[in-house]
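Dear colleague,

Please find below the structure that I am handing over to you.

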Amino acid sequence: MYLALEAGRPRKIRINSEMDMQANYDVLISGYGPVGATLATLLAQQGLKVAILEREPGIYHLARAGHLDAEVMRVFQAIGVAEELEKQCAVTLGMRFLDADGALLMEWKRGGEKGALGWVSDYMFHQPTLERILRAKVNASSDIDVYLQHDVYAIENREDAVIVKAEDHRSGRLVKLTGRYLVGCDGARSLVRRTMEVEQEDLGFKQKWLVIDVEEKRDLGLERVSTQHCNPERPMYASCTSDKMLRWEIMVKPEDEIHHITKPDVIWDFIENSMRPIRREDGQLMRSAVYTFESLIARTWRRGRMFIAGDAAHRMPPFLGQGMCAGIRDASNLAWKLAAVCQGRADDTLLDTYESERRPHLKVFTEGAIEAGKFVQMRDPVELERRVRDMRDNPKAYAPPNPPLGPGLQSRHGESGLGRQFVQPAVRGSLLDSMAGHAFALVGTEQFMEQQTIAHLRSAHPSLQLIALEEGQQDLLLPWGAAAVLMRPDRYVHGAVAAVDEAISLIDKLPLKLS
């Protein structure tokens, strides 16, 4: 017998003669970062058997991502970790853009209270803490096997299955896992993407930045607002990533010598002379590294039974804080579709809507991050002054993007709110998503849901959740101009209806069974 799992829940698998160990799964996931862990949990909660392969022995100890939004917190709510995570997050009250003299150019304000999606619009977090919370959830599932220190070296994308071969670095034994599908959540240098032979679209942004993390030695009482310093001499960003962690990102100029600007004394000179200065005796330098910010999007996200998600599928500059958020959205979009196909409730072609919905949505965010980055990095004072005037005259044109999904499950996304998330009110003491679970939900007014013909929907579609809004909540449907909306498991609106017969027709035309 062979044990290859994370501590706490070993699973015995019988050895055979061909390789040291074989096992079969519904879905294989390569990569155990936030995206891989979230996807695995979503799949397991819908009844699929999942394996995660990860070459590293544990959680990377330094932070990389630092921001998540209300939509992503909604996904974490779906897997049952949002409340615990929220306790470890710092609510951010917005972002400011300052000129070279520190004067305010523009501000994206956030109130700090929970909004229409049921969560605060922006949180800052410490990534190792997030990963510990996600991995604890994974370990609690009997339907997920985790293979740590297993280095994938070969992938076979067959017509009926995907076969992954990996080496256990602890023992040198070889492992062969078979899955109906494989999802590469294995980062920027993704082996899965390379095996798929996928080219990447380069949107033209490439710039080195010095990233610095500092832990407060005492509470400095800093305002929880992220700041972009649009200084032609040295563009810079600063934020509080959790209650005690601070981050600076500083553009590396062509004439900079990397070995010099990464010295602790030079780093502290940057910090002490930044727009959010702290003294070196007030903080502990935890990490400094030079990263190349890029804008790359894979041209294909699916090849047969193989998919890519997160950094394996896309990379964007960090100026909107949407890098990890985009990966979590990938997981949320793909999970319920994989579950429907693996359980025989949908044809395999449903999985083609993953790329067609997510790629255009992701591209809008990437282009927005590029524009924000170009503005922050402007080194021509004349061009910067022109852009500043335009920002002050047209502030709405510089608001963060809020795109709909691309065409996919239905072709009219973007019209009348279709392909956008429905809100999350509290209904009779419970948040809407808690009532919907991982199912499609028809959400309507009390009058709509009390009609006798609703009984047809209950009998014909057993897994469909029927949720009647409370009296006074009918205004939530106004953006859709409807009496009810059909909400997907990822909380996006599939359709809006005025009558029950329209709802019946809409549901009957779905390319999957709600059983």
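**Cysteines and salt bridges**

Cys-325 is buried, at 0% relative accessibility (buried means under 20% relative accessible area, exposed over 50%, partly exposed in between, with a 1.4 Å probe and protein chains only). This is a predicted model, in which local features need pLDDT of at least 70 and side-chain atom pairs count only at pLDDT 80 or more, while totals for chains, interfaces and linings use all residues. Residues are numbered from 1 along each chain as its sequence is written, and side-chain values use heavy atoms, with hydrogens and water left out.

The search of the whole structure gives 0 disulfides (cysteine sulfur pairs within 2.5 Å). The closest cysteine sulfur to that of Cys-325 belongs to Cys-89, at 11 Å, too far for a bond. Cys-230 is likewise buried, at 0%, and its sulfur lies 18 Å from the closest one, in Cys-240, again too far.

Salt bridges number 35 in the whole structure (a side-chain nitrogen of Lys or Arg within 4 Å of a carboxyl oxygen of Asp or Glu). One of them joins Arg-302 to Asp-352, at 2.7 Å from N to O. Arg-302 lies in strand β17 and Asp-352 in helix α9, so this pair ties together parts 50 residues apart in sequence (helices, H or I of at least four residues, and strands, E of at least two, are DSSP runs numbered from the N terminus). Arg-302 is buried at 14%, whereas Asp-352 is partly exposed at 44%.

Arg-491 and Asp-433 also form a salt bridge, at 3.4 Å, and both residues are buried.

Yours sincerely
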